[in-house]
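Hi,

Here is the structure I said I would pass on. Have a look at it first, and then read my notes below.

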Amino acid sequence: MDYITLNNGEQMPQLGFGVYQIPNEETAEAVYQAIKIGYRLIDTAISYGNEEGVGEGIKRAIADELVTREELFITTKLFVNNVINQETASAAIDESLERLQLDYVDLFLLHQPYGDVYGAWRALGNSQKEGKVKSLGISNFDSAKMIEFVKMNDVGIPQVNQIEINPWNQRVADLEWHKKYNVQAEAWAPFAEGRHDLFTNPVLSEIGHKYGKSVGQVVLRWLMQRGVVALAKSTRLERMAENLNIFDFALTDDDIMKIAELDMKESAFFDHHDPQMVEWFMSRIENIQPGIKRW
């Protein structure tokens, strides 16, 4: 496993196991097996509804002496309904730790760029001072918002920004801005959930054939060589192991140039700046907590 040094000196595994869309009742076993296979970065979120399962999986792995707590890097995220103000964010942080059965998390992110993000950031900063959080980060912030956030808060700059990065949405300019401001980019949906037939794409398949690797392994290796932290999700043991087996080969400059030509420069999911998409997103949040309009 390769590690990235964050701007606060903490070490973060470059490849992690994500649990998005894994039912809570299946999450403990998935996390346990992921740790057993060799993953050390586990990524969840309050909105995923499976923090309890993540906590149980970690607890089992430590009890079975597969790993120590110090060897793990656990990430979770505050959702929009937790970011109404500093007080709601503080309460949500403590509740998250309770569900995870942890004294601290290694990285806590603001999941979306909506709501009182500055109040929530202060809550995270206070939790960091109390030893409940080691590193702080943001998620789905575009580069302009990230720069504003770096420049205009009284807590400190984010360590990580978790954004969509995959062959269809390569975020070349965004990665340059992240590098300039020393904020680590982390990729969600590195496989774009298979959209546009990613797993049978002829360019990626040809590159994989050359190295005896799958398309998924090629994509993850491509992200590693770009200096991006990536999250891979699967509940199949063979796929978990396959995704982790990417540190024994390297893509050539020619390979990377061919992948660059696949960039569509658009989200495979939703644009955080599209008014219709933001309206749809907010309507879902209002169903969770009607008072959300009081921002």
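A quick word on terms before the notes: a residue is called buried when its relative accessible area is under 20%, exposed when that is over 50%, and partly exposed in between. By that cut-off, 54% of the 295 residues of the chain are buried. Please keep in mind that this is a predicted model.

**The chain as a whole**

The secondary structure comes to 11 helices and 10 strands. With a radius of gyration of 19 Å, close to the 19 Å that the globule rule gives for 295 residues, the chain is as compact as a globular protein of that length. Along the principal axes, its C-alpha atoms fill a box of roughly 55 × 45 × 35 Å. Among contacts with a separation of 6 or more, 76% are between residues 24 or more positions apart.

As for charge, I get 29 positive and 44 negative side chains, with the centres of the two sets 2 Å apart.

**The inside**

The largest nonpolar core has 75 residues, and Phe 17, Leu 78, Leu 110 and Leu 223 have the most contacts inside it. Which helix gives the most to this core? That would be α8 (residues 215-225), with seven residues. Another core lies apart from it, this one of 10 residues, including Met 12, Val 160, Val 229 and Leu 231.

Beyond its neighbours within four places in sequence, Leu 110 is in contact with several residues, among them Leu 78, Trp 121, Phe 141 and Phe 149.

**Three residues to look up**

Ile 147 sits in helix α5 (residues 143-151). Its relative accessible area is 18%, so Ile 147 counts as buried. Leaving out residues up to four places away in sequence, Ile 147 touches Trp 177 and Tyr 181. Gln 225 is 78 residues from Ile 147 along the chain, and their C-alpha atoms are 24 Å apart.

Asn 182 is not a glycine, yet it has a positive phi of about 55°. You will find Asn 182 in the loop between α6 (172-180) and β9 (184-188). Ala 189, also not a glycine, has a positive phi of about 55°, and lies in the loop between β9 and α7 (202-211). Are these two buried or partly exposed? Asn 182 is partly exposed, at 47% relative accessible area, whereas Ala 189 is buried, at 16%.

Cheers

Definitions and conventions:
Residues are numbered from 1 along each chain as its sequence is written. This is a predicted model: local features need pLDDT of at least 70, side-chain atom pairs count only at pLDDT 80 or more; totals for chains, interfaces and linings use all residues. Side-chain values use heavy atoms; hydrogens and water are left out. A nonpolar core is a set of buried Ala, Val, Leu, Ile, Met, Phe, Trp, Tyr and Cys residues joined through side-chain atoms within 4.5 Å. Buried means under 20% relative accessible area, exposed over 50%, partly exposed in between (1.4 Å probe, protein chains only). Helices (H or I, at least four residues) and strands (E, at least two) are DSSP runs, numbered from the N terminus. Contact means heavy atoms within 4.5 Å. The radius of gyration is taken over C-alpha atoms; the globule rule is 2.2 Å times the number of residues to the power 0.38. Lys and Arg count as positive and Asp and Glu as negative; His and the chain ends are not counted. The place of a charge is taken as NZ of Lys, CZ of Arg, CG of Asp or CD of Glu.
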